[in-house]
Amino acid sequence: MNFKRSYLILAGIAIIVLVVFGSSMFFTIQPGERAVIFRKFTSGLDKEHVFLPGFHMIAPWNKLYIYDVKEKKREETMDVLDKSGLSIKMDVSIRFNPVHNRIGYLHETFGKDYIDQLIIPEIRSTVRRVAGRYTAEEIYSTKRSEVEAAIIDEARKVMEQNNIDLRALLIRSINLPNEIKMAIESKLKQEQEALAYQFRLDKEKSEAERKRIQAEGIAAYNDIINKSLTDKILKQRGIEATLELANSQNSKVIVIGAGDNGLPLILNNN
């Protein structure tokens, strides 16, 4: 009887413990999540051991920090200054996620508020730093891809050092003061027209040069032919032609020696 009573007491205590501490003892980590544990009375934050998705049980006095490690997207609008101090408004999109097996280190340095504590400030700083090396015209048009690549390269290095995988960074739009934008667009239009005009000139020059070279080639060819056509060669060619006509089936009258240079004269060739 005493044994049964003791068993019931223990079962009651267990139920009370489960009710009171159950929420801090049993955890289900969902797909796309990872967790690290903080052992309050022993080793502190365990940065090396990362909990994977599934069901987990921990001591109620320890604490589990669960992180969403799926890819995230943020869009930022910021004012930056170009090389000459002109104010530019830029809209930037970034895609990122924590490095899965490094969330313990991320938690130790920045905590779960790492997006506002790390990512947004660093991205803003990098965009402003890179933009300050270019003019508004370069950022807006001629070197936009170069500016974007430089921002990605520099931001990615900072993110990697802080256990963040920067997946992509895109400049969605660049807004300039209206008068500056109109001046740049007008200049670009004039440059395009000048390039088109220069292209036509180069094409016409190339065609003229081609015709000149062709004419020189024809003239050189005719000069060589004229120099090679001596009287003896012409007489030989006449004899060969006469022999071919003489062998043809058409009726003809040939007067021997009546032509120039003593060549036969063909009077009737049907």
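Modeller: A residue is called buried under 20% relative accessible area, exposed over 50% and partly exposed in between, with a 1.4 Å probe and protein chains only. The model is predicted, so local features need pLDDT of at least 70 and side-chain atom pairs count only at pLDDT 80 or more, whereas totals for chains, interfaces and linings use all residues. Residues are numbered from 1 along each chain as its sequence is written, and side-chain values use heavy atoms, with hydrogens and water left out.

Rings of Phe, Tyr and Trp (its six-membered ring) pair if their centres lie within 6.5 Å; planes under 30 degrees apart count as stacked, over 60 as edge-to-face and the rest as tilted. The whole structure contains two aromatic pairs. One of them joins Phe-26 and Phe-55 in a stacked arrangement, at 6.0 Å centre to centre and 15° between the planes. This pair links distant parts of the chain, 29 residues apart: Phe-26 belongs to strand 1 (residues 26–29) and Phe-55 to strand 4 (residues 54–57). Strands here are DSSP runs of E with at least two residues, and helices are runs of H or I with at least four, both numbered from the N terminus. Phe-26 is partly exposed, at a relative accessible area of 31%, and Phe-55 is exposed, at 55%.

Two strands pair if DSSP finds at least two bridges between them. An open antiparallel sheet of three strands has the order 3-2-5. Strand 3 (44–45) and strand 5 (63–68) each have a single partner strand, so one side of each is left without a neighbour in the sheet. Strand 2 (residues 33–39) meets strand 3 over two antiparallel bridges, and Phe-38 has Leu-45 as its bridge partner in strand 3.

A nonpolar core is a set of buried Ala, Val, Leu, Ile, Met, Phe, Trp, Tyr and Cys residues joined through side-chain atoms within 4.5 Å. The largest has 40 residues, and Ile-94 and Ile-119 have the most contacts inside it. Helix 3 (114–131) is among the elements that each supply at least two residues; its share, nine residues, is the largest. Counting contact as heavy atoms within 4.5 Å, Ile-94 touches residues including Ile-119, Ile-123 and Leu-166, with residues up to four places away in sequence not counted. A second, separate core of seven residues includes Phe-27, Ile-37, Ile-58 and Leu-64.
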